[in-house]
Amino acid sequence: MAKPVFDIVEIRVKTGDGGDGAISFRHEKFVPLGGPDGGDGGDGGDVIIEADAAITNLLRFRRDIIYKAERGHNGQGSKKHGKRGKDLVLKVPVGTLVTGTGQNGETIAVADLEQAGQREVVATGGKGGLGNVHFASSTNQAPRLAQKGEPGEERTLLLELRLIADVGIIGYPNVGKSTLLAATSAAKPEIADYPFTTRAPVVGVVEVGLDTFVLAEVPGLIEGAHLGRGLGHEFLRHATRTRMFLHMVDGSSPSPTEDMTRVNSELGMYDTNLARKPQIVVVSKVDLPEVRDRLAEITESFRGIGITPLVISAVTGEGVAELMAQAWSTLKQIGDTREDVPEKVFRPKPRSPRVTVYKEGATFVIEAPALERIIARSDVADAEVRWQLNQQIDRMGVSRALKKAGVVPGDKVRCGELEWEW
Ligand SMILES: Nc1nc2c(ncn2[C@@H]2O[C@H](COP(=O)(O)OP(=O)(O)OP(=O)(O)O)[C@@H](O)[C@H]2O)c(=O)[nH]1
Ligand SMILES: [Mg+2]
């Protein structure tokens, strides 16, 4: 069975292409050909990532599709601008870190969504192309030039859930973690009298007076977890995504203190930071007579190692409110303890229409995205359009760049699809 992707997933996104600029002329009575009135294309939609408190995992994301924002609409006559493409908003849980790949293959942070409602643009839509109104000049009153929209941006992003909950319930299988979560929140984890009932973290919201915090059952711990045995490795990855633990031990176990020590040494072997997270030790199932009878002995043995446990029964509710209140007050003391996040270096792609010229054999190649988009949109087979294009090339500083590169009349020159003699 394929394991569900819970807290880390790679996705592909693409922003909308810009809409094309229009080539259009005013139609007026008795004026056969009015001035140019082709409007600009609309910008393509952005891809935005938003933190949503109602979402607790990344299961909704799939690797085999590309998440696309809408294309910008084309410009129209009467100087009508095309509509902007709709943004694509991807909702993720609070605590999601978005990383991408930089120009040299390095990992860069793209967005760090720490707060509910926080929105970040992770890829920007292509700019709309210019309509022919922009290409009129004193010598060219009837421009048949317009610009294609800029293509959208495609990126591969890694979504990683850094924080699944404020408080994680840890402990051996079958100690009563799900029962406590179900008793204190609206979450409905499966509860059964066998180990490993819960296979993926389950999250619920706990109310303490007017305050709330997120409580998660962190499943699947067994000895040797740090070696990746059983569900162990998963367990530890999830455990790092909480701020503190309720460490639950079964009151009916032969030695609750030993259980606790073992779990803690697993945590420490995986990551010393994990073992240092604040813990509240909880002895469960106190409603059982055999537990109540040994209660003094159990608490005494914890005190012997410097721990004052809270004693609860998730079934009868005994001690549960006190436990939640103590968890909340510990959370307030901790504040935010998130681990370091790679430095944020994401910048939207540069938009400056730069012109570069290089030689390919005997041909001079012009790289100028803004000009290429005009060529792509215009009917270059038409001699009149080519003449207009030449003027445009002059105006965009391309002639200067060509001369600097050593072009002399008669040389072959290429830009985009178009090749001509200088
Ligand atoms: N008497 C009593 N039984 C409890 C209590 N809490 C849990 N149980 C029982 O203990 C068994 C395991 O409970 P779960 O809540 O599923 O335990 P868990 O720690 O989530 O177990 P896994 O998900 O399998 O690791 C179930 O049969 C519960 O009914 C309690 O406070 N008192
Ligand atoms: Mg469970």
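Tutor: Let us start with threonine 356, whose bridge partner in S16 is glutamate 367. This is a predicted model, in which local features need pLDDT of at least 70 and side-chain atom pairs count only at pLDDT 80 or more, while totals for chains, interfaces and linings use all residues. Residues are numbered from 1 along each chain as its sequence is written, chains are lettered from A and ligands numbered from 1 in the order in which they are written, and side-chain values use heavy atoms, with hydrogens and water left out.

Student: What makes S15 and S16 a pair of strands?

Tutor: Strands are DSSP runs (E, at least two residues; helices are H or I, at least four), numbered from the N terminus. Two strands pair if DSSP finds at least two bridges between them.

Student: Why is the contact between arginine 12 and glutamate 154 called a salt bridge?

Tutor: The term requires a side-chain nitrogen of Lys or Arg within 4 Å of a carboxyl oxygen of Asp or Glu. Here the N to O distance is 2.9 Å, so the pair qualifies. Arginine 12 belongs to strand S1 (residues 8-14) and glutamate 154 to strand S8 (residues 154-161), so this bridge ties together parts that are 142 residues apart in sequence. By the rule, the count comes to 16 salt bridges.

Student: How do you know whether glutamate 50 and arginine 119, which also meet in a salt bridge, are buried or exposed?

Tutor: Their side chains meet at 2.9 Å, N to O. Glutamate 50 lies in strand S2 (residues 47-51) and arginine 119 in strand S7 (residues 119-123), so the pair ties together parts 69 residues apart in sequence. Buried means under 20% relative accessible area, exposed over 50%, and partly exposed in between (1.4 Å probe, protein chains only). Glutamate 50 has 14% and therefore counts as buried. Arginine 119, with 46%, is therefore partly exposed.

Student: How do you know which residues surround ligand 1?

Tutor: A residue is near a molecule if one of its heavy atoms lies within 4 Å of it. There are 22 residues around ligand 1, and the closest are Ser178, Thr179, Thr197, Glu217 and Asp287. Helix H1 (residues 177-184) gives the most to this shell, with three residues.

Student: Why is the approach of serine 178 to ligand 1 called a polar contact?

Tutor: A polar contact with a ligand is a pair of N or O atoms within 3.5 Å. An oxygen atom of ligand 1 is 2.8 Å from a polar backbone atom of serine 178, so the term applies. A polar backbone atom of tyrosine 194 is 3.2 Å from an oxygen atom of the ligand, and a backbone N or O atom of valine 315 is 3.4 Å from one. Taken alone, ligand 1 exposes 640 Å², of which the protein buries 89% (Shrake-Rupley method, 1.4 Å probe).

Methods: A polar contact is a pair of N or O atoms within 3.5 Å; within protein, one must be able to donate a hydrogen and the other to accept it, and residues adjacent in sequence count only if both atoms are side-chain atoms.
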